[in-house]
Amino acid sequence: MPPLFKGKRSIQKCKERTVSGGVVNQVDAVKIYIEYIRYGARRSTAQRISGISTMQSKQIYLELMGEPPKGGRNTTTWKAIVGPGHQLAIPAQKFLGAYLTQCGERIYSSKQIYGVLEAYKAYLAIHSQDPVILSLDKAYFIASCLWDGAEEAHVSSCLHCAATFPSLYPMADQCHVCAHAESASGFSLKKRRSRASVRRLTA
Ligand SMILES: [Zn+2]
């Protein structure tokens with residue numbers, strides 16, 4: 001029997017990169033980088049996700065977009081996106097709905113690099129006419145808070161419409177869409193006792 005080529009095997013292993021919990025090769029890493037850039041991710045975000053080198057990342061970006069990326073840091077917090085009344089709260093809720101449909105309960109347990117992208121495509125396809133669109137960077141940030149189990153990140157269920165939504169508190173019970181509808185109409189969705197019934201109770 002011929003000896004096993006252990007050396008060759010280890011070289012092959014070095015070329016492999018880990019993306020989304022599964023091992024992919026350099027070609028897949030570049031593909032995922034390109035997809036993220038095409039859907040509007042920042043170069044730094046797409047580079048971090050794909051694991052390709054900075055030099056390669058800059059080169060591909062320039063080829064794809066025809067100009068170097070804009071500078072600036074991508075800093076955001078869960079609260080800055082889903083805080084009450086924030087303009088991104090409803091778009092974030094819509095993305096989360098698409099992401100849950102795409103990946104189910106896995107969104108809480110493992111990194112979903114492809115799942116985020118597919119969910120983002122679905123979100124864009126349905127909501128492209130919305131006045132405010134969540135960027136892919138922020139969509140990825142929301143998803144990463146969930147698989148990282150970030151302390152401030154909660155997902156709640158709406159008592160009024162049963163939607164799942166990103167929230168600041170585990171006990172939150174009104175989604176961003178319903179809260180917006182309520183404030184826009186000046187009408188409370190919660191049941192209120194009529195004056196007559198209050199009078200009967202206090203009589
Ligand atoms: Zn609702």
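**Helix packing and local features of the predicted model**

Helix H6 crosses helix H8 with right-handed geometry. In this predicted model, the two helices, H6 spanning residues 89–103 and H8 spanning residues 136–148, have axes that come within 11 Å and cross at roughly 65°. On the H6 side the residues involved are Ala92, Phe95, Leu96 and Tyr99, which meet Ala139, Ile142 and Ala143 of H8. By class, the contact of H6 with H8 comprises seven nonpolar residues, with no polar and no charged residues.

The protein as a whole contains ten helices and four strands. Read from the N terminus, these elements follow the order α-β-β-α-α-α-α-α-α-α-β-β-α-α. Of its 203 residues, 30% count as buried. Among contacts in the protein with a separation of 6 or more, 54% are accounted for by residues 24 or more positions apart.

The mean pLDDT of the protein is 84, and 78% of the residues reach 70 or more. Residues 1–17 have a pLDDT below 50, and this stretch has eight contacts in the model beyond near neighbours in sequence. A further segment, residues 191–198, also stays under 50 in pLDDT. For residues 191–198 the model has one contact beyond four places in sequence.

Helix H2 takes part in two of the packing arrangements described here, one with H3 and one with H4. Two packed helices are described by the angle between their axes and the distance between the axes. For H2 (residues 26–38) and H3 (residues 43–50), the angle is about 155° and the axes are 9 Å apart. H2 is therefore roughly antiparallel to H3, the angle being over 145 degrees. The crossing of this pair is right-handed. H2 contributes Ala29, Ile32, Tyr33, Tyr36 and Ile37 to the contact, while H3 contributes Arg43, Thr45, Ala46, Gln47, Ile49 and Ser50. Divided by class, the residues in the contact of H2 with H3 are seven nonpolar, three polar and one charged.

The packing of H2 against H4 (residues 54–65) has an angle of about 50°, with the axes 11 Å apart. This angle makes H2 oblique to H4. As H2 passes H4, the crossing is right-handed. The contact is formed by Val30, Tyr33, Ile34 and Ile37 of H2 together with Ser57, Ile60, Tyr61 and Leu64 of H4. In the contact of H2 with H4, seven residues are nonpolar, one is polar and none is charged. Tyr33 and Ile37 of H2 are listed both in the contact with H3 and in the contact with H4.

A local backbone feature occurs at alanine 162. This residue lies in the loop between strand E3 (154–157) and strand E4 (164–167). Most residues other than glycine have a negative phi. The phi of alanine 162, by contrast, is near 70°, a positive value in a residue other than glycine. Alanine 162 counts as exposed because it has 8 C-beta neighbours inside 10 Å, the limit for that class being 12 or fewer.

Terms used:
Residues are numbered from 1 along each chain as its sequence is written. This is a predicted model: local features need pLDDT of at least 70, side-chain atom pairs count only at pLDDT 80 or more; totals for chains, interfaces and linings use all residues. pLDDT is the predictor's confidence in each residue, from 0 to 100. Two residues are in contact if their C-beta atoms, placed from the backbone, lie within 7 Å. Axes are lines fitted to C-alpha atoms, for helices over the stretch in contact, and angles run from 0 to 180 degrees between N-to-C directions. Angles under 35 degrees count as roughly parallel, over 145 as roughly antiparallel, 65 to 115 as roughly perpendicular and the rest as oblique. A crossing is left-handed if the near helix is turned anticlockwise from the far one by less than a right angle, and right-handed if clockwise. Ala, Val, Leu, Ile, Met, Phe, Trp, Tyr, Cys and Pro count as nonpolar, Asp, Glu, Lys and Arg as charged, and the others, Gly among them, as polar. A residue is buried if 20 or more other C-beta atoms lie within 10 Å of its own, exposed if 12 or fewer, and partly exposed in between; C-beta atoms are placed from the backbone.
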